[in-house]
Structure formats: structure tokens, C-alpha cells
Amino acid sequence: MRIEGEGPLVDTVRAEAASAGLAPAEADADVAITVAAGAASAPESFTLAREGGRAIATAADAAAALYAWFEIVRLGARVFEAAPARTYAPQHALRMLDHWDNIDVHPVMGQVERGYAGGSLFFHDGELRDDLSRVAQYARALAAIGVNRVAINNVNVHAREARLLTDDLAGVARIADVFRPWGIRLHVSVSFASPRTLGGLDTADPLDPGVQQWWGAAADRVWAAIPDFGGFVVKADSEGQPGPFAYGRDHADGANLLARAVAPHGGLVHWRAFVYNHTQDWRDRKTDRARAAYDHFAPLDGRFDDNVVVQVKFGPMDFQVREPVSPVLFAMPRTRLALELQVTQEYTGHQRHAVYLAPQWREILDFRPYGDEGPTLAQTVNGGIAAVSNVGDDEFWTGHPLAQANLYAYGRLAWDATLDPATILDEWIALTFGDDETVRRGIRSILDDSWETYEMHTSPLGVGFMVTPGSHYGPSVDGYEYSPWGTYHFADRDGIGVDRTVATGTGYAGQYPSPWREVYESPETVPDELLLFFHHVPYTHRLRSGKTVVQHIYDTHFAGVERVEAKARAWQALEGLVPPAVFARGRERFAEQVRSAHEWRDQVNTYFLRKSGIPDEAGREIY
């Protein structure tokens with residue numbers, strides 16, 4: 001192994017090679033990595049040539065050398081097979097994971113909000129951890145999949161977490177030190193009210209000179225402690241978090257306040273677009289949570305500073321198993337926008353269910369906002385990709401051992417949105433479980449269609465939610481139907497769905513450019529899988545399959561359970577072929593997945609039988 005170049009990241013590659021038993025060589029080596037500035041087309045990119053039984057990587061910079069090393073590891077023995085030289089370049093310069101970790105254990109949400117894998121890697125017993133060895137392992141794993149930025153705390157910033165900017169800054173610097181050798185820059189979530197709660201000011205008005213001065217001084221302190229600090233993540237005027245609305249200002253005013261404080265240091269502000277009325281009156285059929293992000297942010301296009309990244313959830317609601325791509329993601333051409341995904345399975349089974357999300361993400365990334373001849377969403381988004389992390393201090397990192405596949409797939413798709421989810425899955429299985437073909441086939445059979453399977457036995461045709469309020473786990477068809485959260489399905493004796501048309505509904509369909517506004521406007525052209533998101537239709541409305549809506553609900557919920565039972569059997573067949581502890585955890589999780597799928601099937605089917613009065617054509621048992 002020959003490695004040429006200098007710097008901490010190159011030293012990391014040397015250490016990795018040494019730990020793999022590859023001694024440094026002066027002469028021609030079978031594997032060589034050379035840092036040669038300008039040799040490849042973009043930062044972090046590298047060219048890998050494979051011929052004559054040798055692999056030679058030429059890296060544009062030290063980070064590229066690190067990514068070249070992990071590509072060589074991924075290829076394994078295949079790296080010595082002849083192949084045309086290929087340049088690897090990340091599609092997005094910013095590839096980020098957001099942790100929703102709390103320092104203090106929250107009385108409702110726990111230590112990691114929407115976390116299903118134990119406690120925080122960074123915090124314990126109300127303090128920053130002294131032992132960061134597991135964080136170092138995590139940093140290595142993230143570098144291996146190409147993640148280059150991490151925010152370590154919850155976007156819902158509570159009083160204790162706000163002090164990461166002050167009392168805990170030395171501890172944050174220690175965490176940054178652990179990430180740095182792996183090419184990862186650290187970010188923290190901050191509270192917009194910090195000038196009041198931390199600085200003792202009587203206002204947090206973004207146009208107040210004292211507030212501006214406070215944030216400038218705060219940024220100076222942070223970058224003095226962490227010179228390569230990435231920036232701030234902000235959730236403002238959303239779900240009770242403070243923001244600029246309290247002072248008659250808008251989101252551009254608020255974001256630019258922080259952006260100008262961090263700009264001298266090269267910092268970024270990730271300002272989340274998840275803003276909506278969460279005290280809605282369910283009687284009001286015109287107020288629509290789906291409209292909110294567009295209504296708030298699209299009029300502000302062009303007003304955000306260049307170092308503001310407006311971070312937009314992939315759909316207009318909240319990480320549902322099925323919803324349309326958010327129109328905000330292509331409505332602001334003069335603003336840096338980041339796509340936000342959710343690796344943690346808040347609405348897809350809490351990592352108690354095996355659900356591989358890469359097919360969903362690839363569908364989102366492939367969406368063409370302006371029709372078949374236009375660019376994909378992955379080509380349109382210009383501010384990078386962020387996602388909510390799914391790891392914790394659990395023995396298996398992600399609770400369900402198979403949920404690790406989602407973390408791996410996120411990094412791979414953030415790097416290259418054209419990768420095939422099935423190929424990514426095969427990579428992960430081989431790297432995690434080895435080359436046993438029986439194991440590969442078994443895990444493939446479990447995960448390949450698992451997103452579709454989960455959708456089949458939960459909320460139908462894009463209507464969303466139907467989950468237990470608060471926990472968001474398990475079925476409760478009317479759980480949110482009369483709540484202030486704006487997550488309604490409007491089922492009555494005649495039909496179901498939300499009218500979001502321009503002609504008769506909330507007008508949400510009109511937020512899309514052509515051709516999608518026309519496609520979504522009509523129940524005859526809207527994709528069946530989104531029918532109930534855009535239209536209120538009779539239970540007897542016929543889908544393209546020829547089935548009625550209510551029969552589709554019955555059939556998919558019965559079939560979904562059968563699929564889950566088959567997946568549990570497929571896991572059972574792997575006993576003795578995967579590590580015993582992994583098998584035992586998986587068996588426990590599959591038992592719960594089967595139980596939960598039955599509960600979803602029975603509650604949803606019974607609800608719609610009783611609501612519609614229309615029996616199942618197959619005469620199956622519905623209660």
C-alpha cells in the first residue's frame with residue numbers, strides 16, 4: 001500500500017491501512033492513493049484506475065483520499081479486477097446527519113427524540129460524555145458512507161441544551177476533535193431565544209443591534225474553540241419553538257441575523273422550513289398544514305443570505321410512509337435549499353419493524369418537478385441533503401440490526417442519487433454479514449419490498465398518519481382526527497380523503513408547477529398511491545387496478561400481514577447463519593412486527609367496514 005499526501009485525513013488513511021495489515025511500500029504497490037490537488041474534477045472527488053492487478057486512486061484533496069480508501073475497502077478483492085478508470089465525485093457537497101439528542105432526558109420524548117436505539121452517543125446523565133470512544137467508531141462509520149457534517153443535538157432546543165453555546169463549549173470542542181480526523185464538521189442546534197435565555201437581554205428581535213451583537217460574540221466564541229465548526233441548525237416559530245414572528249419579523253430576518261454572525265467564520269445556518277399552524281381547528285376544512293411551508297417560505301425567495309440553507313422536509317406533512325414531494329424544494333430558485341429525510345423510523349415502525357427506506361428516498365430523488373424532460377429533484381436541490389439520524393448507544397447501534405441498512409443507504413444516496421437501492425442493499429449485506437448466499441437471499445427477501453409492505457398494512461393511498469398520538473407507533477385511525485395538529489383524513493359514511501384541489505379544496509395542488517398541478521388536480525390523473533392525499537372520494541371510487549378504494553384497503557391490509565409473516569419466517573431460517581445475539585434481537589423485533597401488522601390490519605379494516613358498510617368481497621374476517 002502506498003499513500004502519498006499530508007494532513008490529518010491522510011494520516012487517518014495510513015492508520016486504516018495499517019490496521020488492515022497493509023504495510024507502507026516505497027516501490028510500486030498493489031494499492032496506491034495519491035493526493036494531487038486539481039487531479040480530479042471537484043473537491044472530495046477521486047479517480048480510481050484498476051488494471052494489471054493494481055488499483056491506483058488519485059485524490060483531489062485529503063478528504064477524497066479518505067473516501068477513496070473506503071471505496072477500495074467496499075470493492076474488496078474486486079478492486080484488482082480490470083475496469084475502466086472512473087471518477088467518483090459527491091453529488092452534494094453537504095451530506096449531513098441531524099441528531100435529535102437531548103442532554104437532559106425529556107419527560108415525554110426521552111433522551112433522543114424520535115430515537116429508537118437507546119440513549120445518546122454524546123450525552124449521559126445530564127452532561128456531555130467523558131468517554132467518546134463510541135463516537136469515534138461512529139465517525140469512522142459515517143466517513144465510510146460519505147457523511148461529512150453532523151449536528152449533535154435536538155432541533156427542539158430546551159434550556160439545558162441551549163448551554164452548548166456557553167457552559168458546554170469545551171465539551172463540544174472535544175466531540176469536534178473526534179470527528180475531525182474523519183472529515184466531519186460539527187454543527188449544533190440553537191434556540192432563537194438564546195439572547196434572552198443565555199444573554200440576559202429583554203428581546204431576541206433580529207433587527208435589534210444588541211441582539212445582533214450578542215449573536216456575533218457567540219459565534220466568535222464558538223469558532224475560537226472550534227476553528228472548523230460548521231454552523232447552527234434552527235427550528236423557529238414551529239411547534240412552540242421561539243422565532244422572529246414574536247417581533248413582527250419573518251424567517252428571512254431571523255435566518256439572516258444568524259447568518260451574518262457566522263459569515264466571518266465561513267459558517268452556515270440551516271433554517272428548517274417545518275413551520276405550520278399546530279393549533280388548527282379541525283372544523284376548518286380550508287386551513288391546510290400541507291400548504292404551510294410553501295406559504296411561509298416561497299414569498300421570501302431571494303431574501304436569504306448566501307450562507308443560509310433552508311432545510312425542507314421531503315414532503316409537505318411529516319415524514320409519512322407516502323406523501324408527495326414538497327413543492328418548496330423547487331419553488332425557491334434564488335435560495336439554497338437542502339432536502340431533509342428521516343433515517344430514524346418515526347412513522348415507519350420505530351425500528352421495531354424492518355423497513356428499508358432507500359427505495360422511498362430514490363423515488364423522491366428521482367422526482368422530476370417540471371415533467372419528464374426536466375431535471376430530477378436530486379439535480380435541482382442546491383444546498384445538500386440532511387437527515388435525522390437513527391443511531392444510539394444500543395448494542396446494535398440502531399435497535400433493529402437491519403435498520404443499519406438505512407444509515408448506510410442514506411450516505412450512499414447522498415453521495416450518488418443514481419445508485420440502485422438493491423445494489424446498495426447487497427453492498428451493506430456483504431459488508432455486514434459476509435458473502436454467504438443464503439444470508440444474502442434471506443435478508444434481501446426481508447428488506448427489498450419492506451417499504452411497500454409497511455405501506456400496505458398502514459395508512460392507505462397517501463392519506464397518512466392514522467397513528468397513536470404522541471408516540472406515533474401503532475394504529476389509531478381517528479387518533480389525530482379531531483386534534484389541533486392538522487393531520488386529518490375526513491372519513492365519513494360516504495368517502496375518505498382530503499380535498500386539496502384548487503377548484504374545490506385547499507388549493508395545495510396549485511403550489512406545484514405544471515404538469516404536476518394538473519396531474520394532482522384530478523382524481524382521474526393523480527397517482528393512485530396519492531389519491532387520498534389530494535382528493536376526497538367515495539369508497540366505491542375505482543382505482544387503476546379496477547378495485548374500489550375500500551376493497552383496496554381490505555386487500556392490501558390482508559396481503560401486508562401475509563408479507564410480514566413471510567419475512568419473520570425468512571429471518572427464522574437464518575438461525576445459526578448470523579451471530580446469535582443479532583439473531584435473537586431480530587427474532588424479538590419480528591415477533592413485534594407481526595403483532596403490530598395484525599393490529600394495523602384489524603383496526604383499519606374494521607374502521608372502514610363500519611364506516612362504509614361495504615363488506616369485503618372475499619368474505620374474510622373483519623371485526
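**The lining of the largest pocket**

Tutor: By class, the residues lining the largest pocket are 19 nonpolar, five polar and three charged; here Ala, Val, Leu, Ile, Met, Phe, Trp, Tyr, Cys and Pro count as nonpolar, Asp, Glu, Lys and Arg as charged, and the others, Gly among them, as polar. Keep in mind that this is a predicted model, where local features need pLDDT of at least 70 and side-chain atom pairs count only at pLDDT 80 or more, while totals for chains, interfaces and linings use all residues. Residues are numbered from 1 along each chain as its sequence is written, and side-chain values use heavy atoms, with hydrogens and water left out.

The volume of the largest pocket is about 790 Å³, taken as the space filled by probe spheres set on grid points joined across faces, edges and corners. A pocket is an open set of points on a 1 Å grid over the protein atoms alone, where a 1.4 Å probe fits, with protein on both sides within 12 Å along at least five of seven lines; lining residues have an atom within 4 Å of a point. There are 27 lining residues, and Ala141, Gln404, Tyr408, Trp428 and Thr432 are the closest to the centre of the largest pocket.

Five helices, H1 (8–19), H2 (62–75), H3 (133–145), H12 (404–415) and H13 (421–433), each supply at least two residues of this lining. Helices here are DSSP runs (H or I, at least four residues), numbered from the N terminus. H3 gives the most, with six residues.

The second largest pocket has a volume of about 610 Å³.
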